[in-house]
Amino acid sequence: MQQTIKKILLILGLLGIFSGCSHMIDAIWNPNTASFNIDALPAGANQIEITFSQDDHSNVRNFDEITKDSYFYGYYIYRNSSSPYDDYDLIGIEGLSALTASDSYDTYHQSFQEKHGLSAPVADSDNNSSSRSYIDTCSTGVKYYYRVVVVYRKWNTHDDVWRNDLEDKEASSWAAETCP
Amino acid sequence: MQKKFLVFLFLLLPVWGMALTYDPGDLINAVKRSQVITGLFMERWMVVENSLSRKELLEQELDERFYYINRGGYARNVDIYLHGETITGYPVNTAFGLYELNLFRVFGSTIARFENILDLGITKWGIAVGAAGYRYGMYKNIVLQNNSISPVDPNSEFEVKDYLYTQVFDDLLVLTNIFEGFGYVHTGILLNQQVEPGIDGIVGTADDVDLSSSARLFFDTNIFGFFFLNMGYNSDSDSAEFVTTKIDVIELMQLFGYVKRRHIWPDLYLGYAYVNAEDKATSTINDSLHTLFMELHYTYYNALYFKTRIETFLGGQTQSEEGYSYKQLYGEVGFRLDTMAILQNPQSYYGTGKESLALSYYIIFGMSRLIDARSISFGNSDPMIAGFSLGFKMNIASESFGGALEARVNRNYAPKLYSLIEAYDHWLFELSLQIGF
């Protein structure tokens with residue numbers, strides 16, 4: 001009888017696990033869907049400010065953390081001026097690690113050292129702030145569409161060095177703004 | 001809310017949807033989807049039902065053994081199944097112009113069976129739990145191109161998917177009572193949810209619009225192995241939305257002692273099906289249909305299989321369908337490169353040791369005809385649709401686990417169009433994976 005009760009409890013547990021099956025299937029079938037929102041707002045003449053929360057996108061490699069295949073590297077910002085569903089081009093990045101020849105795996109992992117293409121409105125290299133924002137220079141009257149990707153860089157666990165491969169961990173939905 | 005929904009429907013209207021009558025298709029029809037998900041679940045249950053252990057298989061004669069192997073991979077206690085279908089390049093008018101989207105539907109199920117829990121004397125009682133999910137929707141793949149701004153991997157590119165228009169999440173939870181020697185009773189609940197993801201293309205954010213959420217009851221039974229009844233019941237409208245009942249003719253003959261060797265005979269079903277696909281959420285089609293059908297499935301060792309379904313109208317056809325006596329017919333054959341060698345002398349072929357029961361494969365070819373006046377709304381000139389399917393299937397069975405893999409490409413193939421009329425005149429790709437223990 002005890003065996004029977006155990007089996008029935010197992011069955012009820014399984015039912016609990018199986019519920020919401022369609023959402024699990026979605027995660028398997030559509031792994032790279034947009035997963036967070038960003039904002040684009042006018043920021044003065046010929047400038048648009050792109051902002052988003054970094055709460056869930058700051059999985060930085062700790063000082064002695066060398067066991068994973070990839071670690072958070074930074075944010076890549078993309079833009080086009082035709083439609084949210086057309087291809088986008090990279091216009092700026094903010095990366096955590098200094099990727100110089102003298103770089104070692106425990107250097108610069110706590111602050112954004114690589115900035116290209118865009119300027120940040122706040123002099124803030126600390127990745128502990130809750131949101132990030134960037135200023136894009138634009139042409140007056142043109143409507144721009146933006147997306148942001150949370151980028152990880154592959155790590156060679158055998159030699160404890162960065163690899164030259166990137167990985168898109170999460171991508172944003174789009175935000176649009178007409179250039180003031 | 002109603003206005004919002006109408007606007008949404010018009011946005012969904014694809015380019016070919018310039019017909020006089022507008023048909024939103026089957027993707028957003030909860031009744032049709034419910035019929036499909038329960039049908040697929042029952043297909044999986046039949047695999048579990050027909051599955052024998054390796055030991056039980058080896059006790060059978062060679063030709064009899066293949067009868068069971070051909071009816072599914074090894075899934076004695078647990079069956080896990082994933083089936084995905086996609087149509088690429090599906091033209092849709094969006095708020096930003098015409099785009100080619102990907103239309104997809106993915107089915108997944110898990111069944112766990114526990115036999116002989118209680119000995120009741122005249123029967124042994126067992127139980128099974130099952131869950132199935134069906135995910136329908138459309139998305140746009142967007143390329144994010146890297147360049148020299150990136151100090152690392154500048155020539156790479158990323159991709160992101162935006163969901164567009166109705167996204168469907170259907171779930172089925174089933175509890176099965178098994179009475180050994182008498183049959184089984186499935187009772188379940190079907191949860192249908194349709195969500196409009198909003199402008200951000202993400203499901204689960206504040207701008208989502210819950211278009212409809214409903215629950216339906218599912219009931220299926222098999223009495224003495226030969227009588228099947230499958231029913232979907234809507235408690236809101238207090239009516240059965242679909243009913244399928246069929247008789248397994250050979251099983252019935254077996255019950256009376258007419259069938260001694262099962263493998264000689266095909267599986268033969270005669271049945272009646274009713275569906276009223278008027279979904280209250282969409283309120284656009286009144287698609288009440290009554291049909292009679294015959295299904296036949298014959299296998300010969302693992303050299304060849306033949307499958308067919310003939311379905312005739314009993315009532316409910318539209319005016320333009322009245323000239324046709326049948327609703328659907330299809331035939332499908334599965335063969336392998338050495339089929340002829342097996343056919344000529346199976347005992348000798350399997351005696352050489354070059355063939356193992358552990359692995360079998362089929363190349364699949366099927367042809368079909370379907371009569372459906374709704375195809376006219378999707379660009380067809382008359383209700384008749386001819387189609388085909390081409391694929392490959394592989395089964396593995398071992399001592400304690402089994403698996404199957406199947407890939408197909410379909411064009412207007414009746415079993416696909418029957419439940420997804422918007423697939424008319426598009427290539428539909430499908431992939432299935434099964435693991436059993």
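**View 1. Strand E4 of chain A pairs with strand E3 of chain B.** In this predicted model, the two strands run in the parallel sense, and 2 bridges join them. Strand E3 of chain B covers residues 124-145. One bridge sets A:Tyr88 against B:Leu144.

**View 2. Chain A meets chain B.** The contact involves 56 residues of chain A and 54 residues of chain B. About 4600 Å² is buried between the two chains, and carbon and sulfur atoms give 68% of that area. The interface holds 23 residue pairs in polar contact, both residues at pLDDT 80 or more. Several elements of chain A give two or more residues to this side, including helix H1 (2-18), helix H2 (21-29) and strand E7 (143-156). By type, the residues of chain A that touch chain B are 28 nonpolar, 16 polar and 12 charged.

View 3. The interface has 2 salt bridges. Side chains of opposite charge can pair when their charged atoms come close.

**View 4. B:Arg261 and B:Glu61 form a salt bridge.** The N to O distance is 3.0 Å. The partners sit in two loops of chain B, 200 residues apart. B:Arg261 is partly exposed, at 37% relative accessible area. B:Glu61 is exposed, at 52%.

**View 5. B:Lys416 and B:Glu85 form a salt bridge.** Their closest N and O atoms lie 2.9 Å apart. Helix H8 of chain B holds B:Lys416, and strand E1 holds B:Glu85, 331 residues away. B:Lys416 counts as buried, because its relative accessibility is 14%, under the 20% cut-off. B:Glu85 is buried too, at 3%. Shared partners link B:Glu85, B:Arg105, B:Lys416 and B:Glu430 into one salt-bridge network.

Methods
Residues are numbered from 1 along each chain as its sequence is written. Chains are lettered from A and ligands numbered from 1 in the order in which they are written. This is a predicted model: local features need pLDDT of at least 70, side-chain atom pairs count only at pLDDT 80 or more; totals for chains, interfaces and linings use all residues. Side-chain values use heavy atoms; hydrogens and water are left out. Contact means heavy atoms within 4.5 Å. Buried area is the accessible area (1.4 Å probe) that two parts lose on being put together, summed over both. A salt bridge is a side-chain nitrogen of Lys or Arg within 4 Å of a carboxyl oxygen of Asp or Glu. A polar contact is a pair of N or O atoms within 3.5 Å; within protein, one must be able to donate a hydrogen and the other to accept it, and residues adjacent in sequence count only if both atoms are side-chain atoms. Helices (H or I, at least four residues) and strands (E, at least two) are DSSP runs, numbered from the N terminus. Ala, Val, Leu, Ile, Met, Phe, Trp, Tyr, Cys and Pro count as nonpolar, Asp, Glu, Lys and Arg as charged, and the others, Gly among them, as polar. Two strands pair if DSSP finds at least two bridges between them. Buried means under 20% relative accessible area, exposed over 50%, partly exposed in between (1.4 Å probe, protein chains only).
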